[in-house]
Amino acid sequence: MKTEALLKLEQSIGELKKEFISKIESGAQKVDSIRVEYMGKKGRLTSLLETLVSLPKEEKPEGGKLVTGFRTFISEKIEELKKNAQSSNISKLLSDSCVDVSLPVDSNKGSLHPIMHMKQEIIEAFHKLGFSYCDGPEVDFDFYNFQALNFSPDHPARDMQDTFFVDDKSASEPVLLRTHTSNIQIHTMLDRTPPIKIFAPGRTFRCDSDVTHTPMFHQVEALMIDQAISFADMKGIILWFLREIFGQDVTIRLRPSYFPFVEPGGEVDMRCVRCKGEGCNICKGTGWLEIAGCGMVHPNVLEAVGYDSERYMGFAFGFGIDRMAMLKYDISDSRMFYEGDKNFLSQFPIFLK
Ligand code: DAH
């Protein structure tokens with residue numbers, strides 16, 4: 001004859017089992033919370049153990065078996081539920097992230113980053129001028145970035161460009177992130193023979209960061225080499241290029257300046273696009289904006305790439321693409337270009353053509 005206490009235990013287990021099954025079948029409760037409710041420290045199983053303690057000695061083994069059997073049943077069911085949940089999660093993830101390539105493109109979605117749009121306009125302008133697109137390495141040897149551009153190893157002008165060096169012990173000379181796109185001049189001249197008429201937009205790097213400088217920025221370089229190229233040709237091309245980008249009322253002025261790879265060298269100022277020369281905060285009251293470096297390619301550079309500097313001549317100039325985009329789109333802090341802030345970027349709804 002079973003005692004009252006054992007019968008009560010059997011009955012409780014039966015009821016709990018029913019309740020447990022209906023809970024898992026309804027799927028209304030999370031698996032983890034069901035586990036805590038039954039197997040947790042203060043869970044239903046613990047209270048069953050308390051009933052077990054109150055059984056007479058001879059019924060304890062049977063009562064123990066019942067409780068353990070129920071415990072195994074619950075934990076197996078919970079494991080099974082967890083596994084199912086995991087695999088259905090995976091299949092949901094897979095089906096959600098699946099891309100239907102046959103769907104038509106939504107032409108209102110996505111836009112070019114303002115820098116890329118600026119670059120695109122620059123490319124179109126140079127193509128109209130008959131210049132061809134060139135590219136070059138972003139990680140380069142000292143030779144292409146400095147040495148062949150007439151920066152000797154201890155030249156103080158190297159200090160103008162805070163360089164990121166790459167730790168490459170196997171290299172026979174310093175390896176660096178190019179500080180300007182002028183390295184492409186050297187690569188191109190070594191690869192080709194004159195006449196050369198190229199432009200090269202690309203990423204450049206300097207250890208510098210403030211409102212108008214970011215460690216990574218963009219430049220575009222232009223290079224023209226032939227037998228009779230003058231400073232006036234260069235000035236005309238720069239003016240045409242700037243008018244194409246900023247409008248036909250652009251005027252420029254050239255100031256003498258020093259860059260080791262050009263002689264004579266200069267800086268190009270453009271009449272302020274905002275105040276048209278009156279003086280404002282963009283041009284710091286001067287009415288002019290510094291926009292490019294330029295000059296006639298130095299004979300030492302021509303000789304460094306094996307060209308006869310008595311026979312060939314040419315010009316080179318370089319613009320900052322970020323700076324042009326700041327002026328064109330009226331952006332005051334260049335760091336905003338690289339923060340990936342959707343609110344900022346969505347102000348340039350420039351759609352892909
Ligand atoms: N590479 C120069 C710089 O990053 C800019 C520059 C100046 C480029 C004069 C040129 C040039 O081609 O002729 O500061």
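Student: Which residue in S4 is the bridge partner of Phe165?

Tutor: Keep in mind that this is a predicted model. Strand S3 covers 165-166, and S3 pairs with strand S4 (residues 175-177) in the antiparallel sense over two bridges. In S4, the partner of Phe165 is Leu176.

Student: What is the strand order in the open sheet of three strands?

Tutor: Pairing in this sheet is antiparallel. Strand S2 (139-141) and strand S3 (165-166) each have a single partner strand, so they stand at the edges, with one side of each left without a neighbour in the sheet. The order is S2-S4-S3.

Student: Okay, and which are the edge strands of the sheet of seven strands?

Tutor: That sheet is open as well, with mixed pairing and the order S1-S5-S6-S10-S9-S8-S7. Look for the strands that pair on one side only. They are strand S1 (132-133) and strand S7 (252-256).

Student: How many bridges join S5 to S6?

Tutor: Strand S5 takes in residues 196-205 and strand S6 residues 216-226, and the two run antiparallel. The number of bridges joining S5 to S6 is ten.

Student: How many residues lie between S7 and S8 in their hairpin?

Tutor: S7 and S8 run antiparallel, joined by five bridges. Ile252 stands opposite Met270 in S8. As for the hairpin, the number of residues between the two strands is five.

Student: Which residues of H2 make the contact with H1?

Tutor: On the H1 side, the contact is made by Leu16, Glu19, Phe20, Lys23 and Ile24. The residues of this contact divide into five nonpolar, no polar and three charged. From H2 come Ile34, Glu37 and Tyr38.

Student: What about H2 and H4: roughly parallel or roughly antiparallel?

Tutor: H2 and helix H4 (residues 60-96) pack with their axes 10 Å apart, at an angle of about 170°. With the cut-off for roughly antiparallel set at over 145 degrees, the label follows from the angle. H2 and H4 are therefore roughly antiparallel.

Student: How many charged residues does the contact of H2 with H4 have?

Tutor: H2 brings Val31, Asp32, Ile34, Arg35, Tyr38 and Met39, which meet Arg71, Ile74, Ser75, Ile78, Leu81 and Lys82 in H4. By class, this contact has seven nonpolar residues and one polar residue. The charged count is four.

Student: Now the ligand. How far from an oxygen atom of the ligand does a polar side-chain atom of Arg206 lie?

Tutor: The ligand is surrounded by 16 residues, and the closest are His180, Arg206, Gln219, Glu221 and Ala316. A polar side-chain atom of Gln219 lies 2.9 Å from an oxygen atom of the ligand. For Arg206, the distance is 2.8 Å.

Student: Where does Pro195 lie?

Tutor: The peptide bond from Pro194 to Pro195 is cis, with omega near 5°. Most peptide bonds are trans. Pro195 lies in the loop between helix H7 (183-191) and S5.

Student: In which strand is Pro264 found?

Tutor: Glu263 and Pro264 are joined by a cis peptide bond, with omega about -5°. The strand that holds Pro264 takes in residues 262-271. That strand is S8.

Student: Last one: what is phi of Lys276 near?

Tutor: Lys276 has its place in the loop between S8 and strand S9 (288-297). Most residues other than glycine have a negative phi. Phi of Lys276 is a positive value, near 55°.

Notes
Residues numbered from 1 in each chain as written. Predicted model: local features only at pLDDT ≥ 70, side-chain atom pairs only at ≥ 80, totals over all residues. Heavy atoms only, no water. Contact = heavy atoms within 4.5 Å. Helix = DSSP H or I, 4+ residues; strand = E, 2+ residues; numbered from the N terminus. Nonpolar A, V, L, I, M, F, W, Y, C, P; charged D, E, K, R; others polar. Pairing = 2+ DSSP bridges. Near = heavy atom within 4 Å. Polar contact = N/O pair within 3.5 Å; in protein donor to acceptor, adjacent residues only side chain to side chain. Axes fitted to C-alpha atoms, helices over the stretch in contact; angles between N-to-C directions. Parallel < 35°, antiparallel > 145°, perpendicular 65-115°, else oblique.
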